[in-house]
Amino acid sequence: MYLTKAMEDYLRRSQDELKALIRDLCAIPAPSHQEDARAAYVRDWLKQAGGCPEIDEAKNVICPLGDDKEGDVVVFMAHTDTVFLDLAPMPFREEGGKYFCPGVCDDTANLAVLLICAKFFLRNKLRTQPNLVFVANSCEEGLGNLKGCRAVADRYGGRLRELITLDGVQLNAVVSRAVGSHRYRVVVKTEGGHSFNAFGNRNAIRYLASMIDTLYAVKPPQDGDSKTTYNVGLISGGTSVNTIAQEAEMLYEYRSDSKVCLAEMEALFERVVETYRAMGVTVEVERIGERPCAGDVDPTAYQALMERVTSAIQAVLGQAPVFRAGSTDCNIPLSLGIPAVCVSACAGAKCHTREEELELDSLLPGSRLVMALMASYLA
């Protein structure tokens, strides 16, 4: 588990290259479903590092350490997409030992650390058991709906032994429980009309507002120590101040780390929708995203992965790991019964905001942690 002198020396020598890689990646916009340019950059970088990467139909960059056609594999991954929809390079600056840029931590710095560590294994033609596969995956954020990770799971099927994804900004944090979610677009339609001449006609905004109020009156179900939440994140509708709205819509989601609670929330939501349909208004529902909770993971295999990660964090950081629940690429393998965890390769703050920041001093310990995890699979 401990790093060799060659690994330590390489990581220290590579810090300037790592920082330059982060700057380069930050300059390439990569909204979910539009990661093409960043994926092409990563593919070319891995080729120069000695790998044989390919870009699959889901826009994942897949780079096996050895032959991945047979035998079990362990996937190390970090996602290329950012939560921001910008298609122009976003503002970047360095100040006070930090990088500032939307998406610089989530997940750009984590991705860059993955690439730097992968380069050491590729250049030195190291062999592991099982074989490692390095993946820069697409569509982790928002309505990407974990498309990239789903494609990786389909590609390897039952040969996928374990998956470790790099995400987040707390070096000793481990996401070990999957938070599932259902996301919907809900459209309410009524006859509407002129605000004076048709006064009394039903207003879609009024019914949507009432539906939201009803959904917020729901008491979240409980399953042991589970946590369940819900949120209306966007509303729109109407035509003008003197028009009774014919149409209004919202984006609604609920989340839980319990399959039982997720199913209960689905039933509650469906009952609310049917109640408003019974009032004679049109309610259209489209599920626009679904992230599964964990399925039946073999406890012995999962514990072995937890011990591997715990040992690496304690050895490299000298800290105890902090285990928590989260919605990450791990949701897919865990839902399929495959052991998976999410760890952080950097530290920072204000993720998913325009003020996102990366602590540069965290990159070396983050790199050492990822390298130690990869090294634990050396044959």
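Analyst: Helices (H or I, at least four residues) and strands (E, at least two) are DSSP runs, numbered from the N terminus. The model is predicted, so local features need pLDDT of at least 70, side-chain atom pairs count only at pLDDT 80 or more, and totals for chains, interfaces and linings use all residues. Residues are numbered from 1 along each chain as its sequence is written, and side-chain values use heavy atoms, with hydrogens and water left out.

Most residues other than glycine have a negative phi, and most peptide bonds are trans.

Now the phi angles. L146 is not a glycine, yet its phi is positive, about 60 degrees. L146 sits in the loop between β6 and α5 (147–156). Its relative accessible area is 0%, so L146 is buried (buried means under 20% relative accessible area, exposed over 50%, partly exposed in between, with a 1.4 Å probe and protein chains only).

H33 is not a glycine either, and has a positive phi of about 75 degrees. H33 belongs to the loop between α2 (15–26) and α3 (36–48). At 37% relative accessible area, H33 is partly exposed.

Next, the peptide bonds. The bond joining Q129 and P130 is cis, with omega about -5 degrees. P130 falls in the loop between α4 and β6 (131–137). The bond from D106 to D107 is also cis. Its omega is near 10 degrees. D107 lies in a helix, α4 (residues 104–123).
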